[in-house]
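Welcome! Open your viewer, switch to a cartoon view, and get ready to select a few pieces one after another.

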Amino acid sequence: MAQNNVEQTLLGPIKRSEQLIERVLFHRRITFLLLFLVITLALGYQAIQIRPDASFVKMIPTNHPYVQNYLRHRDDLSGLGNSVKIVVQSRTGDIFSAPFQQVLQQVTDEAFFIKGVDRSALKSIWTPNVRWTEVTEEGFVGGPIIPPDYDGSPQSLEKVRQNILRSGQVGLLVANDFKSAIVQVPLFDRDPETGEKLNYQAFSQKLEALIRDKYQNDDIQIRIVGFAKIVGDLIEGAQSVAVFFAIAIVITLALLFIYSGSFAGSLIPIICSLVAVVWQLGLLRWFGYGLDPYSMLVPFLIFAIGVSHAVQVVNTIRLEQVAGADAWLASRRAFRAIYIPGLTALLSDGLGFVTLSVIEIQVIQDLAVAASVGVAVIIITNLLLLPLLMSYTGVGQRAIRQAARRTNAGQHWRHLSVFATPKGAAVATATALVVLVVGLWGSQNLQIGDLDKGAPELRADARYNLDNLFVTENYATSSDIFVVMVSTPAEQCSSFATLSRVDYFQRYMAQVEGVQSSVSLADVSKRVTAGLNEGSLKWRSVSRNQFVINASLSYVPAGFMNGDCSLLPVIIFLDDHKAQTLSRVSESVERFAQQHNSSDISFEMAAGNSGFEAATNEVISRAQYEMLAWVYGVVSLLCLLTFRSVRTVVCIIAPLMLTSILCQALMAAMGIGVKVATLPVIALGVGIGVDYGIYIYSRLNTFLLEGRSLPDAYLETLKTTGSSVAFTGLTLAIGVVLWVFSPIKFQADMGILLTFMFLWNMLGALILLPALTCLLRRERRPEGDS
């Protein structure tokens, strides 16, 4: 009867392939085991060569108009893209001492020679591109802040003080309290000589070894902020993933043994899941991929998915051996029983992960590739290799006796089987609707982007965030920079019309909440014009006389205009990079641009770390629901092809959708925004959660086809597949909940969210799925549409 049902589905070719694979696999066991061994060794060699791979460009949506504008003007915006700031702080006094200046000079020189630094744009008070200007009775004079005759004497230091005050660098490169100074280090994303991508891990290590470790002492404190340092700290902290991975393996092995009572039935699933991880890493290395900080958690998820499916296989083998089959026959029967639901579930996982590719941010697309490759190899390692190995060992007599006792004494499952009755189904469904309303209400407060200051990927007390806080509190300019690019025809960026419009724009932006200050070519012109007129504040404005403007711009500091005077950046310093702040700033700039853009002047967004983050937030805001639609669409289609029933699809998918909504409400309650680090979690949770529903419904339908009533069929399902689903959900939750202790905050957040989704998906499959089946099932046609 079951055979006829399969042939009536659209899976006839898959069923025929199952029969062929079964015959070949179990009659050529040694050959296939040797083949698996050779592949594992080859891919293992590739896996040990995989390296962390991070890129500034990979983290931003390169197809977004903001980023396209930046990339078009990239060569003219040195230092306004990817850069780090090295803060040299005096612990005992101010910066006007010979020992401090010596250290600052040495730090500047060290940073200059680190591979990957854009040396032409590096800035500190020791570099010649940072100058002071002054108007005297003899005319306009200026020069480098550190004079050529500097010798560390009190007189030289006093001259340095005067030059700093005349340079306008207080609050920019020199702290407001004169107790620290900054070395601003722009970076290339690729080595201009070799074309190789910047190795952020190596760069961060050089910053630590050559600068922090070398120069930090009782008198000097070194602080470093910037994207490259965040990535370096993430990679360093991500090494803790290996520790949590090892702990999860030990816990899973122990729980598997307690559950199965079989050493082989516990160890072989772990081995096969680890083989899947090795194959995944090896294939990624072979395809030219590395592991960035956000995809370093994917191998653990692949291990978790592997264990989830392995438990179903081992549980089926154990039940077959209880029925009297030997290890070889039990493994064949388990393969036969698991092949279609297992393949459907894994295809749902893999294609669900592929849908992450709709988000046009390369780091997420790389994560989609890593997860999809991992699921693809699980199809081989867990559906083929696992039953092959188990055909030699079986689960053992102790496990058989334990399973027989549990099957005979499984009456405690009757408490859950009540949800397969009309009364219980009504209660479960009504409760789910109430929970759904609560979840929808709570998820309304879900926000896009970062909700905390500093680097939210790291703990609030992490060294990086403390360094960032120091910069924010001691400098007039924060590390959160939003750059608006003002384009004009050639040689027109310094015209009165342009500078006056830019000056008006800066005053307009100063009224926007979250904006600290801004600086542009207009400020240079105003400051020098005032200086040319005895420092009178009445002259501190954009002059209408073009000759006066030209005189004020006889020397322009680097970065305030490009070579042909067709571009000038307006650098806006923000209080923070929270989602609300970025949204307000972006909307304000957009309104101004709509009113004032013309053929002569154009205000374009956006560069700077906050500009890129604003673009990222917009992409994620648009893509999150598109991604969910693709995830659920793909999973629903595969379930429909497998079971040929819309009602069945509803029964399997509805619990997953409820969990997704509750997860969003949890994120809102915990202050976790939807961003690059958290967006994939929902897709990953759906991919793993759908397995529960497919396995349970597949077994439930088998008992229904035997003519049993729904409550009895579900009770038998609980005694077999249900117990393994409950065990798997709890085991995976215990494994990921340990992530809350990670030094990386986004890993801790993922641990909480995945734990929540594992448990709720498990409860949804065990409670809501049978309830919906009861309410939607047609009693007249038990053999077809359930």
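Which strands does helix α17 lie across, and at about what angle does helix α17 run to β5? Select residues 463-474 to find out: this helix lies across β1, β4 and β5, and its direction makes about 95° with β5. Keep in mind that you are looking at a predicted model.

**Stop one: the sheet**

Now select the strands themselves. They form an open sheet of 3 strands in the order β4-β1-β5, paired antiparallel. Because β4 and β5 stand at the edges with a single partner strand each, one side of each has no neighbour in the sheet. On average, neighbouring strands here are turned by 20° against each other, direction ignored. Strands of a sheet pair through backbone hydrogen bonds. Look along β1 and β4, where 7 bridges join the two strands in the antiparallel sense.

**Stop two: helix α5**

Next, select residues 98-112. Helix α5 has 15 residues and reaches 21 Å from its first C-alpha to its last, close to the 21 Å expected. Show its side chains: the buried ones include Phe100, Val103, Leu104 and Val107. The buried residues of α5 pack against β1, β4 and β5, and also against α6 (154-167) and α7 (200-215).

**Stop three: a helix pair**

Finally, select 263-286 and 362-393. These are α10 and α13, whose axes come within 8 Å and cross at roughly 145°. The crossing is right-handed. Colour the contact by residue type, and you will find 20 nonpolar residues, 7 polar and no charged.

Notes
Residues are numbered from 1 along each chain as its sequence is written. This is a predicted model: local features need pLDDT of at least 70, side-chain atom pairs count only at pLDDT 80 or more; totals for chains, interfaces and linings use all residues. Side-chain values use heavy atoms; hydrogens and water are left out. Helices (H or I, at least four residues) and strands (E, at least two) are DSSP runs, numbered from the N terminus. The expected span of a helix is 1.5 Å times one less than its number of residues. Buried means under 20% relative accessible area, exposed over 50%, partly exposed in between (1.4 Å probe, protein chains only). Contact means heavy atoms within 4.5 Å. Two strands pair if DSSP finds at least two bridges between them. Axes are lines fitted to C-alpha atoms, for helices over the stretch in contact, and angles run from 0 to 180 degrees between N-to-C directions. A crossing is left-handed if the near helix is turned anticlockwise from the far one by less than a right angle, and right-handed if clockwise. Ala, Val, Leu, Ile, Met, Phe, Trp, Tyr, Cys and Pro count as nonpolar, Asp, Glu, Lys and Arg as charged, and the others, Gly among them, as polar.
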